[in-house]
Amino acid sequence: MLLESTSATVSRLLDSRVVSQMPLGNRLALELVRLAANTVWVDYSRPRISPGPEQLLGGSAGGLVVTSTKSGTNEFRGSVFEYFRNDKSVPLPSRPAAHHPTGPACGILKSWREDTMPLTRREAVSLSLGAFSRSATAAGRPNILWLIAEDLSPDLACYGNRVVHTPNLDRLAREGMRFTNAFVTGPVCSASRSAIATGMYQTTIGAHNHRSHRDDGYRLPQGVEPFTRYLQRAGYHTSNVINAAPGVRGTGKTDFNFVTESVFDGKDWSERRKGQPFYAQVNFSETHRPFRRSPEHPIDPSRIVLPPYYPDHPSVRKDWAMYLETLQNLDVKVGKVLARLEQEGLAEDTIVFFFGDHGRPMPRGKQFLYEGGIRIPLLVRIPAKFRPAGYKPGGVSDALISAIDITATTLKLAGVEPPAHMEGRVFLGPGAQRRQFIIAARDRCDETVDRIRCVRTQRFKYIRNFFPDRPYTQQNVYKDVNYPTLAVMRQLYEEGKLSGAAAAFLAPRRPAEELYDLQADPHETRNLAEDPAHRRTLEQMRAILDRWIRETGDQGQYPEDRVMPWDRDRTEVDGWCTQSGCRASKQAGALKVRLSGDKNARLERAFVTSGGDMALEFRARSSGPALTGLSWSLITDIRNPQNRCPIQFVADGQWREYRIPFQAADDLAILTLEFAPTAGEIEFDWIRLKRAGGEVIKVWDFA
Ligand SMILES: [Ca+2]
Ligand SMILES: [Ca+2]
């Protein structure tokens, strides 16, 4: 309670740089010191009241200013405190006995309330005196349905995209409310979904490294559980729906990065008892790569408006058009699920949430903390009898919302008080809170070790790169053989043809800090971190992040102690990638592939070029395993290549040259060499891609 208004003050400073200083009773001040536990608080306007550790003072002022509120009211009537930290003298925290906060650390979690402020008295009254509380009891409890899309940014027509055709989602937006500033806490499936499932930052619960806990029995911190358990205890039937509607199959995906049981009661709301309210979620696969065409509404690549941080290249336009066509397929399926609700007479009893699990699978999207990675569509349709005051069908809200707030709000709408430790905030109905900022975190994704954090307010985004010596585009096989746009960017960068923000994204290093003014620069292309005019904003954002890291016990500050078994085979040599069953290395001027005998072993290279008659040539040798075939993905069928031809390989240990002619009917995107399931080694001296007329497109000589 006492710490709740920090961000409000920070925000006021950001807005006006005026700080009010009003008297505050000693009791309240001392309580503030006590709550702050290991931190040092200094009275801004009067002599120090901190309990003594002045030796920690010094260095630069963190710039975080705390105003306390008077308990029980929503007015700001406090003194102003300034928080100092000596960056140089505070040692890095040692690894705790457990990887996650338990016991006393949970107390710290409970005190973390800085990201929100209470609504003003008038706002609170207007929301809580609405029809919600009365009708929730009079008309029974609402059913709640989550429609969860993969890898989706707000690229729907109702969010302003003029090329895409999304009538069902647009209708949901008209009948519900559309939120324009919703963000996930992590830009990758398992981290984000673990956070949403618990209402906790993935960094708090140790779920931050992508799929790190699939096989190690990792449990959630004491007291933290999937939010569906609260609904189950309140009498709800919970399901992760598979047969969602005719022709619509939910994936049933959870992708939780922890071990748990009894998250769902079943696989469909039809399994509930008579009269029992339900919570259900449908997980759609569509917008995850590989993309699929939408024959009913083909999208003309020439009409695409590309973000300015991509090169305007025909293949990039085609890749983006495929993403939007896939999104149209998602829209059709969402329409069918909503139609089922109506046919079953449930539409007027069911609150529907639609959102993405993180942003679009494109460079600077998924796995990054730019808007493309963390900003998601969020539509919430509440039937008339459950609508809280202030909720307007067809309305649009630019309130800052974190995906973990969807969790807390769902509980609240179901009449369940979110538990005190939950970091998500209620954003609709009684007890609604307004965020002053959201925080997002990215840690290891697949084989790619990274740590990035961001703070985003309505106007600014602050990004901290903990590994500035590594490129944004360090090796990540998943992205390198799935994103043709990334392949195009790599190729153009190599040729010196990339400029501006696109070139910065491919650079060998990155800045330690980034600051963007999203009002002036919504695509985050002008880093203001070094701009003296924004020095104070930078310091304030830094301080917010520092405090969040400390208070939530951000687990990303501790290195991981093992390599995930499924990441070991992800290797890359000059862009030639392996994922399972083999490893690539460069030795004596050759690419050497060591095969384990796995039947899925492949060597893949993303290379984007216009289609036509061409040939892959290579010089190779092996005294055991054989190459069996070449397949080539076009930009329209990535990961589902329709084209393959066999290779007559001679495994006699001698160097031999091979030539495999093939025809690419559209832009070539990925070349895949397939191996027989035999353990051993194959070496490639060089590989060449040529046009049928003899023009050499690309040579890899592994020098
Ligand atoms: Ca996803
Ligand atoms: Ca060579």
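Predicted model: local features only at pLDDT ≥ 70, side-chain atom pairs only at ≥ 80, totals over all residues.
**Overall make-up**

The chain contains 15 helices and 31 strands. Of its 703 residues, 47% are buried.

**A four-stranded sheet**

One open sheet is built from four strands in the order β16-β17-β18-β19, with antiparallel pairing. Strands β16 (438-442) and β19 (513-517) lie at its edges; each has a single partner strand, so one side of each has no neighbour within the sheet. Neighbouring strands here are turned against each other by 15° on average, direction ignored. In general, the strands of a sheet pair through backbone hydrogen bonds, in either a parallel or an antiparallel way.

At one end of the order, β16 and β17 are joined by five bridges in the antiparallel sense, and I439 stands opposite V455 in β17. At the other end, β18 (residues 460-465) pairs with β19, also antiparallel and over five bridges. In that pairing R464 stands opposite E513 of β19. Helix α15 (residues 535-552) packs on the sheet and touches β16, β17 (452-456), β18 and β19. The direction of α15 makes about 60° with that of β18.

| Helix pair | Axis separation | Angle between axes |
|---|---|---|
| α6 (residues 167-175) and α9 (residues 314-343) | within 7 Å | roughly 55° |
| α7 (residues 189-198) and α11 | 7 Å | about 25° |

From α6, the residues P167, N168, L169 and L172 meet D331, V332, V334, G335 and L338 of α9. This contact consists of six nonpolar, two polar and one charged residues.

Helices α7 and α11 are instead roughly parallel to each other, and their crossing is right-handed. Here S192, A195 and I196 of α7 meet A403, I404, I406 and T407 of α11. By class, the residues of this contact are five nonpolar and two polar, with no charged residue.

**A buried loop residue**

Which loop holds F427? This residue lies between α11 (403-413) and β15 (433-435). Although it belongs to a loop, F427 is buried, because 25 other C-beta atoms lie within 10 Å and the cut-off for a buried residue is 20 or more.

Leaving aside residues up to four places away in sequence, F427 touches A399, I401, D405, T409 and A432. K412 is 15 residues from F427 along the chain, and the C-alpha atoms of the two are separated by 9.5 Å.

Terms used: Residues numbered from 1 in each chain as written. Chains lettered and ligands numbered in written order. Axes fitted to C-alpha atoms, helices over the stretch in contact; angles between N-to-C directions. Helix = DSSP H or I, 4+ residues; strand = E, 2+ residues; numbered from the N terminus. Contact = placed C-beta atoms within 7 Å. Nonpolar A, V, L, I, M, F, W, Y, C, P; charged D, E, K, R; others polar. Buried ≥ 20, exposed ≤ 12 C-beta atoms within 10 Å, placed from the backbone. Pairing = 2+ DSSP bridges. Parallel < 35°, antiparallel > 145°, perpendicular 65-115°, else oblique. Left-handed = near helix turned anticlockwise from the far one by under 90°.
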